[in-house]
Amino acid sequence: MSIHILFYALFLSQIILISYYYPTQIIKRIDGVLKKFPPKDYPKLYPESLDNVITGKKRYQLLNQIILIIGLVLMGIYAVMSSDYEGNQKFAEGLPLMFGMIQFIPFMLLEISSFRQFKLMREANKSTSRTAGLSPRKLFDYVSPISVISAITLIFAYILFDLYIHNFIFTIDIIIKIITLCLVHALFIGLTIWQLTGKRLDPHQTIKDRSQQTEFSLNSMTSVSMFLSIFLIADSAVEVYQLGYLEIIINSIYFQVIAFFGIGSMLRTIRLDNIDFDVYKADKVAL
């Protein structure tokens, strides 16, 4: 199979998966919440007006549609440039990576919007009662020790592999990759500590729902960590063994796997029918 045909298939998959399929599923989930749990019956779920929620949903949808069109245009540009692949190789190799970062912007904005919603919920929460788990939240209650050990092993495996193929010489490229890997995992460690010891963002969330969210978050970060190390190993091997034609394929696969273990895992794990929405109903007024 031609490398170009394989890339067309993978890049089209990346465009559809991240900028169409997952956004469509998220929009369906938002519409499902609005239909089943309206503001009249679940006022605590809506610290802002319903109009603001609908406007935010439409902006999210529009942004993904624009990015979807950009992706299709870039695919057309690649088709034109592929006739002179050698001359445009660097641009072509970076195409999935550059576009992948753009594709995740709507999801980042949605996450920021969620933090804002939770802040408004806390400000509006007048309840003086608080619920907390009696037992401490431990790492291995939520994620398998084997997964954590595998993630750590792969980090060191990447570093040793990169040093080995470069005759144990610390090049600028290796140093940058190691620093990047350390920063990413410092963020993961910080998020893990916060997940296990921090306060709830959502003041109404039940202990069960928080545990489910914590389990998803920790398993997702562990999976991303493992694949990041594998990606760096593959990237270094491609560079050293002069397999540049594979880099464009690896870059596209990378973002799709990240989306699968991040957004996809969230959609598969945290289902609406498993969330206790009764906590968002209005408080009963004592007579």
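Analyst: Heavy atoms within 4.5 Å make a contact. The model is predicted: local features need pLDDT of at least 70, side-chain atom pairs count only at pLDDT 80 or more, and totals for chains, interfaces and linings use all residues. Residues are numbered from 1 along each chain as its sequence is written, and side-chain values use heavy atoms, with hydrogens and water left out.

User: What covers the buried residues of α5?

Analyst: The cover includes α6 (172-197) and α7 (207-240). Helices here are DSSP runs (H or I, at least four residues), numbered from the N terminus. Among the buried residues of α5 are V148, A151, I155, Y158, I159 and D162. Buried means under 20% relative accessible area (1.4 Å probe, protein chains only), exposed over 50%, partly exposed in between.

User: How does the reach of α5 compare with the span expected at 1.5 Å a residue?

Analyst: Helix α5 (residues 145-165) has 21 residues. The expected span is 1.5 Å times one less than the number of residues. From first C-alpha to last, α5 reaches 30 Å, close to the 30 Å expected.

User: What caps the N-terminal end of α5?

Analyst: S144 does. One of its side-chain oxygens lies 3.2 Å from the backbone nitrogen of I146.

User: Why is N167 called exposed?

Analyst: Its relative accessibility is 62%, and the cut-off is over 50%, so N167 counts as exposed. N167 sits in the loop between α5 and α6.

User: Is F168 buried or exposed?

Analyst: Exposed: its relative accessible area is 52%, and exposed means over 50%.

Note on methods:
Helix = DSSP H or I, 4+ residues; strand = E, 2+ residues; numbered from the N terminus. Polar contact = N/O pair within 3.5 Å; in protein donor to acceptor, adjacent residues only side chain to side chain.
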